[in-house]
Amino acid sequence: MAALIAENFRFLSLFFKSKDVMIFNGLVALGTVGSEELFSVVAFHCPCSPARNYIYGLAAIGVPALALFLIGVIWNNHTWNLVAECHKRGVKNFSAAATFLLFGSIMGRAAVAPVTWSVISLLRGEAYICALSEFVKPSSLDKFPAESGAEVLARFPCKDVPANLTKFRDEVTRRLRYESQLFGWLIIGIVAVLIFLTKCLKHCCSPLSYRQEAYWAQYRSSEDQLFRRTAEVHSRILAAKNVKQFFGFVALNKEEKELVQEFPVEGVQPSPQWNAITGVYIYRENKGFPLYSRLHKWAKGVEGNGPSPEAHEMLFLAS
């Protein structure tokens, strides 16, 4: 039993450490599903009042989706690379295709959570029923009492109706849930087709072979991990030197003492170097040799941001 638990934890560790975009998007979608379920159970309560139902139902679907979309935009590294690019260099070197590719990447990733939220909400049907119950035409219901109108229909989602209207409430609920789930399945189908076409278009337009693209993805992941790890150590050693200069000593633990002795830090990198490795990066080649990142480009001493006879820039953005 202990061995089985250990294997499961090892699998989960590898799963969550993966940098694969599809796995990351899957995790986002699963998290969104869990959040939507919790929201529906705990927070969703239809007011069952004319005019209020529609606003509340749409808000329950749209407002969380909008918030998730904005969070997705904020968490996307491409967003801040674009901000840095516009601030430091402008976008004059970007063609229309490159700009479209960049915004498509940002919006596509940010749309995973809100689309998932909207689909789950529609498949559950509660918000849709709440929003549209009052708009059901009484004439479409066989033998519906003429004296009952929108006020009675608006109370159907709360089941607070007279006994003689129970069968009408069940029919309205069934009809609206059918429409809601139909829209949900249609969205799933449309998104699946769009993802398939996007993947096909990406591989067809890519200047890289499948193996080189896989290598580039592995390089980006390794560079990011090593850069973050090295930056953490560098900043800790530099902070230790400055604290020691101020107090005359610095209280380091055993691990930090070993880091200070092993990695001498003489100073900090000047701002032009930070600016050179920060910003949007589109795949480039210099004299036929690939440059996989801005850091790689800086390390090779390639200057300039636009294409030249010796440095060819291709419209292929990192995933």
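Helices, in the sense used here, are DSSP runs of H or I with at least four residues, numbered from the N terminus. The structure is a predicted model, in which local features need pLDDT of at least 70 and side-chain atom pairs count only at pLDDT 80 or more, while totals for chains, interfaces and linings use all residues. Residues are numbered from 1 along each chain as its sequence is written, and side-chain values use heavy atoms, with hydrogens and water left out.

Of its 13 residues, 10 are buried, so H6 is largely enclosed by the rest of the structure; buried means under 20% relative accessible area, exposed over 50%, and partly exposed in between, with a 1.4 Å probe and protein chains only. Among these buried residues are Trp117, Val119 and Ile120. After H6 comes Gly125, whose phi is positive, near 85°.

We turn next to the largest nonpolar core, which has 21 residues, and in which Phe144, Phe156 and Val172 have the most contacts. Such a core is a set of buried Ala, Val, Leu, Ile, Met, Phe, Trp, Tyr and Cys residues joined through side-chain atoms within 4.5 Å. Helices H3 (52-75), H7 (126-132), H8 (150-154) and H9 each give two or more residues to this core, and the largest share, 4 residues, comes from H7. Leaving aside residues up to four places away in sequence, Val172 touches Val136, Leu141, Leu153 and Phe156, where contact means heavy atoms within 4.5 Å.

Finally, Phe183 lies in helix H9, residues 166-205, and is partly exposed, with a relative accessible area of 39%.
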